[in-house]
Amino acid sequence: MNKHQRLAFITVVLTIGLGLALTIALSDGSSKVGGVPAVVLCAGAAFAINWLAFVPSYLKRTEHYFDLVGSLTHLTLILVALVGSSDLDLRATVVSILVGVWAVRLGSFLFLRARKAGGDGRFDTIKHHPGTFFSWWSLQALWVLVTGSCSLAVITSMERQSFGWFAGVGVALWGVGFLMEIVADRQKTQFRSESKNTSSFIHSGLWAWSRHPNYFGEILLWIGIAVVAIPLLSGWRWIALISPIFVFVLLTRISGIPILERRANERWGDDPIYREYLRSTPILLLRKPKAKIKNL
C-alpha cells in the first residue's frame, strides 16, 4: 500500500467514524422506523448513494455527476426523514421545502457549469486513482450528513413546537442567503458570457461588495436553518449546530475560498486593478464599496 492508498484508506475510515458519531448523537430523540432511528436510515442512504455512484463514475473516469449526486443525496435524506417521521408540523414541512429547493437549484447549477466547462479540474488526477476517488465520494456523503444535520434534527424530532417568530427569523435569513447566492452566481455567469476579455475578473454587482458573495449567501442560509432548528434541540442533538460551523469552515478554510483565492492570485496577482480590488473589497462579509474600480 503506497502513500496515496494509505491516505485514502485513513480518510474513508475517519469519514465513516465521524458519520457514525454524528448519527448516534442525532438519534437521541429521533423518530423511529421499526425500532431504528430515522436518522440512521438517512445516514445509511447518504453513504449508499455515493458509494454506488462511485462505481460507474470510476469505470468511466468521470466526475460529471459528482455535484448532481450530492444534491440527489440531500433530497433523498429529506425524503427518508419525512417518510420515517410521524406527526409532521409546519416547521418540519418548511425546512424540508427550503432544503429541497436549495439542493435542486445548486445541484443543477453546478452540474450544468461543469458540463459546459468540460469537467472539474479538481478531479483531473483524482479520478484515475480508485482509492482517492472513492474517498471523495465518501467525503461527499459525510458533507451531506453534516450540512443537513439541523434539517434532519427538525424533521425527525419526536418533539414538536409551534412555528413562532424565532423560526420566522431563521426562514428570513435563509431567504436572504438563498437570494444572494442566486444573484451572485447569475452575475458571474453573465459576466463570463459577455466579457470580451477572458482574462478579466468580475468586480461588479454583489462582487463589488464581497469577493465571494455566493459563499456568504451559502453560509447565511444554513445559519437560517440552524435558527429554525434551535427550539427543538436538546441533549446530544445540540451537535446538529455543527452544520453552519462546518459550512463556514469548509468554505473559508478548506475547499472554497482558499482554492479560489490562490488561483486568482496566480492569474491576476500582478494586475494593479486586481490588487486594488483585494485592498478595497472584503473576502466574505458584505461592505459597501468605497468607489467603483475602473479599468486601467
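Begin by selecting arginine 263, which is found in helix α10 (residues 257-268); helices here are DSSP runs of H or I with at least four residues, numbered from the N terminus. The model is a predicted one, in which local features need pLDDT of at least 70 and side-chain atom pairs count only at pLDDT 80 or more, while totals for chains, interfaces and linings use all residues. Residues are numbered from 1 along each chain as its sequence is written, and side-chain values use heavy atoms, with hydrogens and water left out.

Arginine 263 counts as partly exposed, at 44% relative accessibility; buried denotes under 20% relative accessible area, exposed over 50%, and partly exposed the range in between, with a 1.4 Å probe and protein chains only.

Next, select leucine 233, in the loop between α8 and α9 (242-254). Is leucine 233 buried or exposed? At 7% relative accessibility, leucine 233 counts as buried.

Now display α7 together with helix α8 (residues 213-229). These two helices pack at an angle of about 160°, and their axes are 7 Å apart; the axes are lines fitted to C-alpha atoms over the stretch in contact, and angles run from 0 to 180 degrees between N-to-C directions. α7 is therefore roughly antiparallel to α8, a label given to angles over 145 degrees, whereas under 35 counts as roughly parallel, 65 to 115 as roughly perpendicular and the rest as oblique. The contact of α7 with α8 has 17 nonpolar, five polar and three charged residues. In this classification Ala, Val, Leu, Ile, Met, Phe, Trp, Tyr, Cys and Pro are nonpolar, Asp, Glu, Lys and Arg are charged, and the others, Gly among them, are polar.

Move on to α4. Its 28 residues should span 40 Å at 1.5 Å a residue, and its end C-alpha atoms are 40 Å apart, which agrees; the expected span is 1.5 Å times one less than the number of residues. After α4 comes glycine 118, with a positive phi near 90°.

The tour continues with the charged pairs. Side chains of opposite charge can pair when their charged atoms come close. The structure holds six salt bridges, each being a side-chain nitrogen of Lys or Arg within 4 Å of a carboxyl oxygen of Asp or Glu.

Select lysine 127 and glutamate 63, whose side chains form a salt bridge at 3.2 Å, N to O. Lysine 127 lies in the loop between α4 (90-117) and α5 (130-147), and glutamate 63 in the loop between α2 (38-59) and α3 (66-83), so that the pair links distant parts of the chain, 64 residues apart. Lysine 127 is buried at 15% relative accessibility, and glutamate 63 is buried at 5%.

Select aspartate 89 and arginine 160, joined by a salt bridge at 3.8 Å, N to O. Aspartate 89 is in the loop between α3 and α4 and arginine 160 in the loop between α6 (149-156) and α7 (164-194), so the pair ties together parts 71 residues apart in sequence. Aspartate 89 is buried, with a relative accessible area of 16%.

Finally, select arginine 279 and glutamate 276, a salt bridge whose closest N and O atoms are 2.7 Å apart. Arginine 279 is exposed at 54%, and glutamate 276 is partly exposed at 30%.
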